[in-house]
Amino acid sequence: MISIPCPYCGPRNSGEFRHVGESRPRPDPQTTTPQEWRSYLYLRANPQGWTTESWYHAAGCRRFFQLERSTDTDEVRALADRNMT
Amino acid sequence: MGSNGQRQAVNGQRTGARSRLPAKYSALALVKRGATHSDWPLSWRTHELRSRYDVVIVGAGVHGLATAYYLAANHGVTNVAVLDKSYLGGGGSGRNTAILRANYLTPEGVRFYDRSVKLYENLASTLNFNVMFSQRGHLTLAHNDSSLRTMRWRAEVNKLQGVDSEVIGPDEVKRLAPYLDVSTHTRYPILGALYHPPGGIIRHDAVNWGYARAADALGVEIHQNTQVVGIDVAAGDPGKVTGVRTTRGAVSAPVVINCTAGWATTIADLAGVALPITTHPLQAAVTEPVKVFLRTVVVSGSLHVYVSQTDRGELVFGASVDPYPSYSTRGSLEFIEEVASHVLELMPAIAKLRVLRQWAGLCDMTPDYSPIMGLTPVDGFLVDVGWGTYGFKAGPVSGEAMAELVATGKTPELIEPFTLSRFDTGDLVGEKGAAAVGH
């Protein structure tokens with residue numbers, strides 16, 4: 001169990017949250033190619049180390065936010081700009 | 001396995017005045033060597049890393065070792081190096097719950113895993129290594145109407161592919177596994193099960209060691225503690241692999257195969273190949289050993305748990321992958337709490353059993369819960385990855401198919417559905433319903 005620093009509720013157990021995934025910009029549907037859509041849909045960086053990702057506080061404030069986590073150690077740190085892009 | 005490895009390599013790193021080649025194992029040899037206590041041979045040798053190989057395989061787990069073995073045994077390709085950043089069989093191949101089965105959902109999946117079970121059935125004599133495959137039967141429990149419907153579906157698909165599977169009722173479940181609570185007043189009543197008699201458990205370390213020893217005897221070089229830190233790709237369209245750089249020096253090779261499971265994307269990134277894979281830990285636990293009371297393997301999708309009893313008497317528990325990607329192999333309290341409560345739903349009688357230990361392995365999850373095998377956009381860089389929670393049971397057939405691909409240059413029909421390009425064409429092989437539990 002890791003502790004997730006919810007920017008609205010403070011630190012809570014990760015069981016209260018849903019992991020949304022790596023933060024990635026969504027391509028513009030008007031201009032994107034099918035290949036870009038497939039990449040957006042399926043490909044992940046999956047780094048071994050620090051990554052920026054989105055979480056959803058499902059059993060709390062029910063808000064989305066971003067944080068930084070090391071996938072090597074599960075160490076977590078809050079992001080300065082914490083709102084979901 | 002990185003710094004989290006907790007188990008020691010049993011052999012392979014020792015040197016000294018021992019037999020240079022593995023001897024044949026037999027009861028007679030055991031008695032002879034036991035009586036004289038002399039010259040227990042090494043199972044595989046250590047080598048200096050050479051500067052050139054025909055094939056470099058990254059990852060000395062069951063997939064990498066099986067690929068190397070079948071390259072040498074079936075196709076006579078012996079100038080092969082298997083590289084691992086740690087000790088062989090230290091990743092998922094030594095951390096899984098050792099369950100083998102072929103009762104999948106899609107015809108592609110069933111054919112593929114059935115071939116694997118067939119290879120496992122003869123593996124002990126093929127490798128001259130006792131892998132302790134015990135085909136004790138496999139029960140997938142259904143707790144509601146919709147899962148019973150899926151079991152029926154799977155049973156029919158299995159039968160069409162010639163795989164022994166049938167749906168059975170609670171009475172038959174009780175007969176096969178008397179300690180299961182089949183009463184109807186539970187929160188998750190057992191309405192029936194998919195019974196798969198050829199399924200069972202095996203000793204996973206023996207499979208790794210057996211493949212390593214047999215491949216070594218045929219001339220394959222196994223290099224432990226040799227981490228790949230770079231992959232050289234000649235520019236062009238498509239680019240072409242020319243070799244790898246390791247912590248022990250550079251190696252040139254026209255073919256590089258990525259068999260690194262949880263670390264698949266870190267290796268593919270070195271070759272500039274993007275894979276639709278995320279790495280999740282999958283935890284497991286064992287209890288103290290008790291007398292044998294559970295013969296079959298029991299799986300419950302609704303309760304996110306699978307249980308089997310080893311030959312030593314320990315109950316082995318597994319569950320679903322951790323809910324966020326990670327390369328950490330630390331166990332968590334929430335896992336053991338959850339798995340204990342779910343197992344007690346199934347078998348209230350074991351409430352006093354104590355858990356001995358828990359551990360985690362890394363799973364390379366794909367969007368459709370099927371593996372990614374074969375060619376990539378980079379010429380000569382092959383993948384055998386995306387094995388998620390079901391890689392161990394596919395080790396032999398994957399090795400056989402990947403070896404055929406390397407030797408003939410043609411993708412075998414059996415693994416065509418699992419090509420990386422399926423994510424571009426949209427031909428996904430959806431195995432979410434049957435690949436594991438709780439996804």
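**Entry 1: the contact between chains.** I looked up the contact between the chains in this predicted model. Chain B puts 19 residues into the contact, and chain A puts in 13 residues. I then checked which elements of chain B give two or more residues to the side that touches chain A. They are α8 (264–270), β13 (278–287), α9 (333–346) and α11 (422–425) of chain B. I sorted the residues of that side of chain B by class and got ten nonpolar, seven polar and two charged.

**Entry 2: the domains of chain B.** I looked up the domain assignment of chain B next. Domain 1 takes in 50–134 + 201–277 + 367–439, and domain 2 takes in 135–200 + 278–365. I noted 26 Å between the C-alpha centres of these two domains of chain B. In their contact, 35 residues of domain 1 of chain B meet 39 residues of domain 2 of chain B.

On the domain 1 side, β3 (99–100) and α3 (107–121) of chain B each supply at least two residues. Which element gives the most to that side? I found that α3(B) does, with five residues. By class, I noted 18 nonpolar, 13 polar and four charged residues on the side of domain 1 of chain B that touches domain 2 of chain B.

**Entry 3: one residue.** I picked B:Ile350, which sits in the loop between α9 and β17 (355–365) of chain B. Why does B:Ile350 count as partly exposed? It has 17 C-beta neighbours inside 10 Å, and a buried residue would need 20 or more. I also looked up B:Tyr179, which is 171 residues away from B:Ile350 along the chain. The C-alpha atoms of B:Ile350 and B:Tyr179 are 8.9 Å apart.

Key
Residues are numbered from 1 along each chain as its sequence is written. Chains are lettered from A and ligands numbered from 1 in the order in which they are written. This is a predicted model: local features need pLDDT of at least 70, side-chain atom pairs count only at pLDDT 80 or more; totals for chains, interfaces and linings use all residues. Domain bounds come from an automatic or database domain assignment. Two residues are in contact if their C-beta atoms, placed from the backbone, lie within 7 Å. Helices (H or I, at least four residues) and strands (E, at least two) are DSSP runs, numbered from the N terminus. Ala, Val, Leu, Ile, Met, Phe, Trp, Tyr, Cys and Pro count as nonpolar, Asp, Glu, Lys and Arg as charged, and the others, Gly among them, as polar. A residue is buried if 20 or more other C-beta atoms lie within 10 Å of its own, exposed if 12 or fewer, and partly exposed in between; C-beta atoms are placed from the backbone.
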